[in-house]
Amino acid sequence: TEDHQRTRKDSALTTQPTDTKATAILREMLHGDARLRRYLLLILGPAASGKTTLLKTFMMEMVHLYPDFVPVLIPTIELAPVLDECDRGAGESVVFKFIKRKYSQHAHLLLQMMLMRRAVFLVDGVDESGTYRDAVQDFITVELLEPGHNTVITSRHSGFSSDAFRQCRLVELLPLSAAQRAEMVRTRVPD
């Protein structure tokens, strides 16, 4: 309906680095003593709507505006080998193994920031996890959401179970307009 579309439009974010809505979300997430509370955000949108770009905007703004926090990017397509290696039944941590594998030079620092509740986990592309979807959702729920780590998750609507992330605040991105799509192609494809 028209009311539903207006509500979705009002809640949509743009992906510009100067976007005050993106900055406002970061401020809400990280102001004061953010270690004492959790902030969980689920960003949903269609293909090429700017989900990953928005995460990268969060990363850049976090580095510049909130130096006490460290963004930890976790592309879900890179989780498959970690999930295969990790014996969660024996108490092994997927996030620990992922950090040691992906960010080996900075693993000690990142794990320290995690323990201090100064790490913000940016989980990109749950919809891209394929046959690992249930394992990825379980990892996110058990190791990030339930312990209360600040977490931002992106997915297409069809790529996750709505029950898995019901405790997250929801932001829906609208599809790009024709002009935005043309601009995206122009900036990504050389002449």
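Trainee: What is the accessible surface of the protein chain, and which share belongs to carbon and sulfur atoms?

Mentor: This is a predicted model, where local features need pLDDT of at least 70, side-chain atom pairs count only at pLDDT 80 or more, and totals for chains, interfaces and linings use all residues. Residues are numbered from 1 along each chain as its sequence is written, and side-chain values use heavy atoms, leaving out hydrogens and water. Accessible areas come from the Shrake-Rupley method with a 1.4 Å probe; for residues, only the protein chains shown count as cover. The protein chain's surface comes to about 10,500 Å², and the carbon and sulfur share is 54%.

Trainee: How many helices and strands are there in the protein chain?

Mentor: Both are DSSP runs numbered from the N terminus: helices are H or I with at least four residues, strands E with at least two. Along the sequence the pattern reads α-α-β-α-β-α-α-α-β-α-β-β-α. The count is eight helices and five strands.

Trainee: Why is strand β4 largely enclosed by the rest of the structure?

Mentor: Buried means under 20% relative accessible area, exposed over 50%, and partly exposed in between (1.4 Å probe, protein chains only). In a regular strand the side chains alternate between the two faces of the sheet. Here Asn150, Val152 and Thr154 point one way from β4, Thr151, Ile153 and Ser155 point the other way, and all are buried. So β4 (residues 150–155) is largely enclosed because of its buried residues: six of the six.

Trainee: Which residue stands opposite valine 152 in β4?

Mentor: Strands pair if DSSP finds at least two bridges between them. β4 runs parallel to strand β3 (residues 119–124), with four bridges joining them. The residue facing valine 152 is leucine 122.

Trainee: And which residue in β4 stands opposite leucine 40?

Mentor: Strand β1 (residues 40–44) pairs with β4 in the parallel sense, over five bridges. Opposite leucine 40 is threonine 151.

Trainee: What unit do β3, helix α7 and β4 make?

Mentor: A crossover is right-handed if, with the strands pointing away from the viewer, the path from the first strand over the helix to the second runs clockwise. With α7 at residues 133–145, the three make a right-handed β-α-β unit.

Trainee: How are the rings of phenylalanine 98 and tyrosine 103 arranged?

Mentor: Rings of Phe, Tyr and Trp (its six-membered ring) pair if their centres lie within 6.5 Å; planes under 30 degrees apart count as stacked, over 60 as edge-to-face and the rest as tilted. The count comes to one aromatic pair. The ring centres of phenylalanine 98 and tyrosine 103 are 6.2 Å apart and their planes at 75°, so the pair is edge-to-face.
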